[in-house]
Amino acid sequence: MEDYIVSARKYRPATFETVIGQKALTTTLKNAIASGKLAQAYLFCGPRGVGKTTCARIFAKTINCLNPTADGEACNECESCRAFNEQRSYNIHELDAASNNSVDDIRQLVEQVRIPPQIGKYKVYIIDEVHMLSTSAFNAFLKTLEEPPRHAIFILATTEKQKILPTILSRCQIYDFNRIGVQDIVEHLVSVAQKEGITYELDALNVIAQKADGGMRDALSIFDQVVSFTQGNITYQSVIENLNVLDYEYYFSLTDKLLHNDVSSSLLLLNDILNKGFEAGNFINGLGSHFRDLLVSKDSATVNLLEVGANIREQYKAQAQRAPLPFLYKAMKLCSDCSLNYRNARNKRFLIECTLIQLAQLTQSDDESPSGGRCPQPAIKPFFNNSQSTTTSTAQTPAVPQQQPVAPIATATPATHAKPQVTAMSATSGQPVSQPQPAAKHKLISSISELGVSIKRNQQTTAATIEESEEHIQHLDNKTVTQEDIDASWKRFANQLPHEQIALKTSMESMRVSLIEDVQVEICVENELHAKQLNDMMVDIRRFMQKDLQNYLLEPHVVVKELPLSVRSLSRYEQYLKMAEKNPWLVKLRDNLGLELN
């Protein structure tokens with residue numbers, strides 16, 4: 001039986017051309033070798049398993065090759081290359097800084113640097129995990145790293161560049177290695193599988209590549225593990241079973257249930273997932289990634305961002321057409337918030353279930369939305385319709401079911417309380433005569449909905465004026481209002497403000513509201529900012545107080561006045577002066593201690 005070699009070692013790149021996913025770096029190194037412009041020190045940094053040490057070995061082998069090829073690769077035939085391939089070369093020295101990180105280890109390395117190479121031009125010292133060196137070892141290495149012998153080249157490799165001293169970084173050429181793309185890993189796994197005679201499914205290799213998280217060494221290790229599990233027949237189902245990866249079908253099924261507002265089935269599917277041993281945090285992160293993939297699948301320009309197999313890609317495209325964009329935007333936000341709160345949540349399952357309930361309500365119509373929970377609040381529908389004009393006759397106005405008839409619209413001003421009249425021409429004299437308007441009896445205030453005006457804050461005054469006229473007619477007898485009534489109504493208006501305006505509510509509670517000349521209400525504020533805020537919502541304030549106090553002649557207005565000292569908040573210095581008046585010892589204490597007030 002032959003000795004088994006893992007794929008990560010057996011298929012380790014031996015030339016720059018076979019390095020996967022680092023084309024820019026390998027091209028730079030080859031050009032430097034071809035031009036003979038070699039630095040005395042290099043720093044290779046990047047994630048694990050992306051080819052740092054491999055490129056360092058290829059670089060050391062190539063610069064000592066006696067007969068390099070035209071494209072800048074080692075010949076693999078000269079004595080130097082054969083010695084390197086047989087691992088007996090004295091020109092390459094590797095040091096593991098994780099276990100040799102003391103000053104003595106660096107001093108021993110410095111002593112070896114003085115000895116010139118026997119074959120080739122350079123002696124290359126590869127120091128892996130260099131960030132593990134102690135500060136003293138770094139300092140002992142500085143001088144040699146800056147001015148080594150002509151034959152010595154240092155290649156430092158690390159996964160944590162931020163831990164290396166700036167004095168070391170300034171002496172090196174820095175090469176940042178990138179994570180290897182999923183497609184590049186899949187292509188390499190396909191090549192390995194074909195050489196080993198292993199059958200495979202592309203979707204299965206895609207799962208392995210995503211699980212590797214950009215590291216080729218991890219991908220090959222997972223590949224060997226799956227090959228042992230499947231006996232050489234790698235299928236999608238066997239991979240997700242062996243790696244304990246949540247199947248895409250769960251996410252597709254759950255999304256369909258959420259789009260159909262099926263809360264019960266969604267919770268049952270979550271229970272099934274958790275019973276199979278999947279961690280809830282990974283599930284919600286995967287669900288958020290699924291919504292992101294659906295979003296990029298809706299546009300042909302972004303569909304290439306999907307890193308999945310061909311079959312699953314088609315499923316994404318199909319479901320993306322059924323998922324509206326607003327749903328995807330809100331669903332991604334909910335999943336992100338849930339993921340952020342997951343670590344601090346005491347009942348983690350309850351947090352996930354609440355998120356699923358909210359997701360299932362995103363596509364509900366306003367009439368079906370439940371009144372409780374944290375579902376998105378439905379927008380207030382307009383009370384008026386834009387389709388018809390205010391001049392539409394009563395014969396064309398359809399009857400409104402279950403509508404209470406109210407008084408007709410008045411043309412007189414509220415102060416006179418005159419009865420509604422119209423002017424007509426006499427048939428005999430041609431002179432205008434005054435007579436009641438018969439059609440107004442059948443004109444309901446509810447038909448004002450034909451005006452097409454929506455009740456919203458800061459809206460044009462058309463709707464407000466019509467409603468005020470309506471209320472003047474409905475309440476001809478206005479109640480007498482006292483200062484106590486004004487204060488109580490003002491507090492009630494402040495308390496009904498939404499939670500988002502808590503700061504304004506707090507300010508309003510300290511404002512002085514005065515009743516002047518029976519119907520004039522004066523609201524005193526300290527600054528122009530408060531005045532602007534109240535003026536923007538003056539229509540709402542007027543309507544609320546008139547209806548609350550049953551007096552439709554009330555006219556509130558804002559006045560900017562500096563409040564007296566007893567009403568407004570005091571600054572720190574004013575507080576000190578007030579306290580010093582009561583207790584003169586505070587002045588002596590300040591003088592004795594040499595204190596200064598800010």
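A pocket, in these notes, is an open set of grid points with protein on both sides within 12 Å along at least five of seven lines, and its lining residues have an atom within 4 Å of a point.

**Entry 1: getting my bearings.** I am working with a predicted model. I looked up the overall make-up and found 24 helices and 12 strands in the chain. Of its 598 residues, 39% are buried. I then checked contacts with a separation of 6 or more, and 69% of them join residues 24 or more positions apart.

**Entry 2: the largest pocket.** Next I went looking for empty space. Rolling a probe the size of a water molecule over the atoms shows where such space is left. How much space lies in the largest pocket? I read off about 740 Å³. Its lining has 25 residues, and I marked Gln210, Val245, Tyr248, Tyr251 and Gly286 as the ones nearest the centre.

I also wanted to know which helices take part. At least two lining residues each come from α9 (202–212), α12 (248–259) and α14 (280–297). Helix α14 has the largest share, with eight residues. Sorting the lining by residue type, I got 12 nonpolar, eight polar and five charged.

**Entry 3: the second largest pocket.** I turned to the second largest pocket, which has a volume of about 570 Å³.

I noted α3 as the element that gives the most, with four residues. By type, the lining of this second pocket divides into seven nonpolar, four polar and seven charged residues.

**Entry 4: a stop at Ala318.** To finish, I picked one residue and followed it up. Ala318 sits in helix α15, which covers residues 310–322. Is Ala318 buried, partly exposed or exposed? Its relative accessibility is 40%. Buried means under 20% and exposed means over 50%, so Ala318 counts as partly exposed.

I also looked for its position relative to Lys298, which is 20 residues away along the chain. The C-alpha atoms of Ala318 and Lys298 are separated by 9.1 Å.

Terms used. Residues numbered from 1 in each chain as written. Predicted model: local features only at pLDDT ≥ 70, side-chain atom pairs only at ≥ 80, totals over all residues. Heavy atoms only, no water. Buried < 20%, exposed > 50% of the residue type's maximum accessible area, 1.4 Å probe, protein only. Contact = heavy atoms within 4.5 Å. 1 Å grid on protein atoms, 1.4 Å probe; cavity = no way out; pocket = protein on both sides within 12 Å on 5 of 7 lines; lining within 4 Å. Points joined across faces, edges and corners; volume = space filled by probe spheres on them. Nonpolar A, V, L, I, M, F, W, Y, C, P; charged D, E, K, R; others polar.
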